[in-house]
Amino acid sequence: MTDSVVPIFGSPWATVQPKLSQPILDAVSTLGFENMTPVQEATIPVFLQNSDVIVEAATGSGKTLAFVIPMLELLRRRNAHLAPNEIGAVIISPTRELSKQIFEVLEEVIRLSDLPFKPHLVVGGSATATNTADEMAKLRELGPDILVGTPGRLEDVLCGRLKNGKKTRSGMITASGGVRGRASMLAGKLEVLVLDEADRLLDMGFEASITAILSVLPKQRRTGLFSATMSDALGQLVRTGLRNPARVQVQVQGKNGAGTDMRIPSTLRIEYLVCPPDRKMAQILRLIQNSVAQKYIVYFSSCASVDYFFKLFKRLLSPSPESVPGGKPAFTEERKMAKQFINTQFPISVHSLHGQMVQKRRQATFEAFTKLPVGEAGILLSTDLASRGLDIPDVDCVIQWDPPNDPKSFAHRCGRTARAGRSGQALVFLNPGPEETYVDLLNLRKIPMVAAKYLWQDSAGNATLTAPDDAIVPGGSDNENGETESDSVSEQSDADLDTEPRKKDKKKKKKKKRQSSLVAKFPVDARSDALLELLRRFSATDRDIYSRSKLAFVSFIQSYSKHEASFIFRPKELPLIEAAKGFALLHLPSMPELRGRPTKMFVRYDVDTDSIPFLDSKREAQRLAKLAEEKQEAEKRRNKKAEREETNKRKKKSSSSNDAWSQAKEAKEKLRERKLLRMKLKDERAAEEEERLIGEINDPKLREALAKDPLLAKQMMNKRDKSLRDAVLMAADKMKRLKKAPTQKLEDIIAEARVAKRRRNDSSDSSSSDEEEEEEDWEAVARRERIQAKIASKSKRPRFTFDPGFSDEEEK
Ligand SMILES: Nc1ncnc2c1ncn2[C@@H]1O[C@H](COP(=O)(O)OP(=O)(O)OP(=O)(O)O)[C@@H](O)[C@H]1O
């Protein structure tokens with residue numbers, strides 16, 4: 001392991017051992033670099049001696065040349081000839097911007113040294129298949145020796161384009177199960193591999209591509225890993241196949257000249273400001289107003305925040321008359337208002353950069369900021385896309401509106417200033433409360449910070465360190481909810497008596513109150529509040545700004561919950577209402593995170609948000625047309641709904657009267673059905689019973705007769721009246737004898753039989769009368785009985801109609 005202390009510059013290039021070739025020495029001299037930087041001095045000899053290297057050195061310390069120079073030297077020294085489709089070296093970096101920057105340095109050194117190497121930049125951005133195919137064809141035609149690029153596109157070139165690979169949890173496509181196209185370049189003879197920002201490249205996000213690239217590289221190669229935060233990735237180094245690597249850690253030189261273990265350049269001053277989140281904008285403007293700095297980078301946690309604040313900063317710092325609704329007079333008035341908050345002697349241009357921008361704009365905006373003319377000030381708003389490696393000249397100040405989600409990025413962000421021995425300043429905003437411990441975390445990571453002073457603004461608009469008279473200090477007793485400290489104390493003693501769940505509830509409330517009081521203890525800054533009102537006015541007059549404000553706030557909250565240092569950045573303790581004010585929202589969005597927060601503290605902006613227009617007339621016309629369409633649709637829907645309701649009402653009404661009728665009908669029907677069923681069952685049971693009874697009668701004649709009159713049979717059997725049976729038989733015989741009409745009913749016969757029986761009983765011994773007489777009597781009785789039966793039948797109809805005892809056929 002090689003350790004060296006950073007004096008800003010080290011030994012001359014000519015002192016390197018083994019010696020650098022003359023063309024390369026000429027090139028660095030033409031670049032104006034007389035001496036090496038310490039990291040170059042420590043790395044180049046080791047790399048040249050065919051050893052793998054892991055290099056960790058502060059941001060802006062010259063790591064790019066520390067790998068570019070030995071790489072060219074190693075390629076120059078090799079004897080093997082490279083075919084047009086073979087490459088000798090690959091440099092991988094995590095972003096397109098950084099790849100381009102490295103490529104430009106490499107190209108410049110090759111040009112100045114006149115070495116016969118062809119470098120080529122391989123970055124994404126033109127994702128369509130035809131573009132990729134074109135690019136690959138161009139690449140084969142060009143036959144480069146060195147490739148510089150991002151992992152995904154390099155994977156396509158070196159391993160073949162992957163189709164249908166498997167998606168990993170992190171969203172990357174892995175080769176397993178996928179089909180690869182033909183590789184455009186062969187890496188079998190590769191001499192040098194460099195991973196710049198290696199710790200980032202070894203993160204999960206790039207894992208699949210890096211693994212695929214490593215799999216097609218020869219094992220006999222030189223590998224160099226470079227970063228300002230290398231130790232964070234040591235665990236993953238095994239994967240890169242390093243062979244007995246030399247570790248180069250360059251110490252930062254302290255003020256007394258001795259080496260320190262700090263991770264940041266000694267020329268960089270990092271400050272932190274603890275203040276409520278709604279004061280950030282005013283603080284930035286006052287900082288710009290107060291300093292001589294010209295170039296600023298402001299970091300946000302999401303692309304949506306960058307887009308939104310870009311619009312706000314632009315309206316404040318460099319508006320154009322077309323961007324202000326109401327034409328020129330309104331523009332002049334707005335300029336006047338904005339000048340109350342920032343009034344610099346120089347123009348300030350505003351730029352934005354993030355990963356969701358189209359490549360062309362991304363490139364243009366980056367170049368515009370990089371090449372800003374001397375004497376002109378500029379602000380670049382960015383996400384972490386511009387946090388690593390970018391060597392933007394003359395950045396004076398780095399401001400972190402949001403601390404980064406990954407604490408590693410903190411040093412990289414700050415490192416965009418104070419590069420190559422220049423001095424620079426960085427500022428990070430922290431919310432009062434748990435976020436203040438971020439200072440300790442960074443201290444542990446060898447990144448020291450000092451507290452910044454809150455900046456005020458006097459009536460003349462100048463930034464000052466002393467609070468003006470209108471800065472009302474709440475005295476610490478009143479908190480956000482209007483409760484006093486003593487209230488809290490008495491509540492605390494009450495809480496001691498409370499039951500467990502209530503205690504928890506109170507604890508939560510107390511926590512919230514503590515948070516709110518932390519914010520509320522800051523003196524009121526009326527000018528900051530007035531600035532926020534102006535920003536809200538921008539939003540209320542430009543739909544583009546208004547819609548972006550909501551998006552930005554929501555994405556900020558989402559991003560806040562993804563902080564790696566979640567023990568410091570606790571979403572539950574984030575002062576959300578102040579954050580919403582800081583985003584200059586017109587109203588609070590309805591989101592679950594705001595539940596239980598003191599939303600009354602937020603004053604809604606008095607505007608009908610539906611009427612906020614787009615400044616772009618085309619967009620506004622589209623919006624109005626869409627709105628009219630939506631209104632029509634809504635009207636139609638309302639009408640349809642009303643119609644539906646009306647018909648439903650009518651239906652209900654008629655069905656309620658119809659219902660009673662149909663219900664009664666239905667009930668009747670049911671009753672009838674049930675009755676019929678009952679009768680049927682009864683009949684069936686009766687029939688069964690009668691059959692059984694008939695079966696019991698032995699006499700075949702009687703059985704025959706009774707089979708035809710089951711009712712009689714039943715009656716007889718019930719009574720077990722043998723004499724009646726005999727009488728029936730006798731009567732039946734007699735009928736036969738007298739050849740009486742077969743239609744005579746059996747019940748008549750029975751009636752006659754009964755009369756006869758009675759008579760027989762009456763004149764038991766008396767000689768029986770002659771047959772004629774008997775016959776007459778029988779007739780009379782039968783008549784009487786018939787009449788009686790008729791009367792009875794009128795009142796009680798028999799269930800079965802009686803069949804004549806003997807049919808005509810039987811008679812025959
Ligand atoms: N020997 C040198 N003498 C003077 N300036 C140099 C020398 N080497 C590099 N520089 C300059 O130093 C600046 C920073 O270099 P470089 O971008 O390589 O830093 P870095 O260590 O890679 O930073 P980061 O960690 O941010 O990627 C560049 O502008 C570069 O031109």
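How many bridges join strand E16 (residues 348-353) to strand E17 (residues 377-382), and in which sense do the two strands run? Six bridges join E16 to E17, and the two strands run parallel. The model is predicted: local features need pLDDT of at least 70, side-chain atom pairs count only at pLDDT 80 or more, and totals for chains, interfaces and linings use all residues. Residues are numbered from 1 along each chain as its sequence is written.

**View 1. The protein chain as a whole.** The chain holds 26 helices and 22 strands. Helices (H or I, at least four residues) and strands (E, at least two) are DSSP runs, numbered from the N terminus. Of the 812 residues, 36% are buried. Buried means 20 or more other C-beta atoms within 10 Å of the residue's own; exposed means 12 or fewer, and partly exposed lies in between, with C-beta atoms placed from the backbone. Among contacts with a separation of 6 or more, 76% link residues 24 or more positions apart. Two residues are in contact if their C-beta atoms, placed from the backbone, lie within 7 Å.

View 2. Seven strands form an open sheet in the order E16-E17-E15-E18-E19-E14-E20, with parallel pairing. E16 and strand E20 (450-451) are the edge strands; each has a single partner strand, so one side of each lacks a neighbour in the sheet. Strands count as paired if DSSP finds at least two bridges between them. Strand E15 (residues 295-299) pairs with strand E18 (residues 397-400) in the parallel sense, over four bridges. Tyr299 has Gln400 in E18 as its bridge partner.

**View 3. The crossover from E16 to E17.** E16, helix H12 (residues 359-370) and E17 build a right-handed β-α-β unit. Right-handed means that, with the strands pointing away from the viewer, the path from the first strand over the helix to the second runs clockwise. Opposite Ser349 stands Gly378 in E17.

**View 4. The ligand shell.** The ligand has 18 residues around it; Gly62, Lys63, Thr64, Gly389 and Ala420 come nearest. A residue is near a molecule if its C-beta atom, placed from the backbone, lies within 6 Å of it. Helix H3 (residues 63-77) gives the largest share of the shell, three residues. Domain 1 (13-249) and domain 2 (258-477 + 524-615) each supply at least three residues. These bounds come from an automatic or database domain assignment. By type, the shell has six nonpolar, nine polar and three charged residues. Ala, Val, Leu, Ile, Met, Phe, Trp, Tyr, Cys and Pro count as nonpolar, Asp, Glu, Lys and Arg as charged, and the others, Gly among them, as polar.

**View 5. Helix H9.** Helix H9 (residues 280-290) is mostly covered, with nine of its eleven residues buried. The buried residues include Lys280, Gln283 and Arg286, along with Met281, Ile284 and Leu287.

**View 6. Thr43 in helix H2.** Thr43 is found in helix H2 (residues 38-48). Thr43 counts as buried because 30 C-beta neighbours lie inside 10 Å. Beyond four places in sequence, Thr43 touches Val53, Val55, Ala66 and Val248. Ala467 is 424 residues away along the chain, and its C-alpha atom is separated from that of Thr43 by 51 Å.

**View 7. Leu217 in its loop.** Leu217 sits in the loop between helix H8 (207-215) and strand E11 (222-227). With 16 other C-beta atoms within 10 Å, Leu217 is partly exposed. Leu217 touches Ala187, Leu190 and Leu193, leaving aside residues up to four places away in sequence. Leu217 and Ala187 are 30 residues apart in sequence, yet 5.7 Å apart in space, C-alpha to C-alpha.
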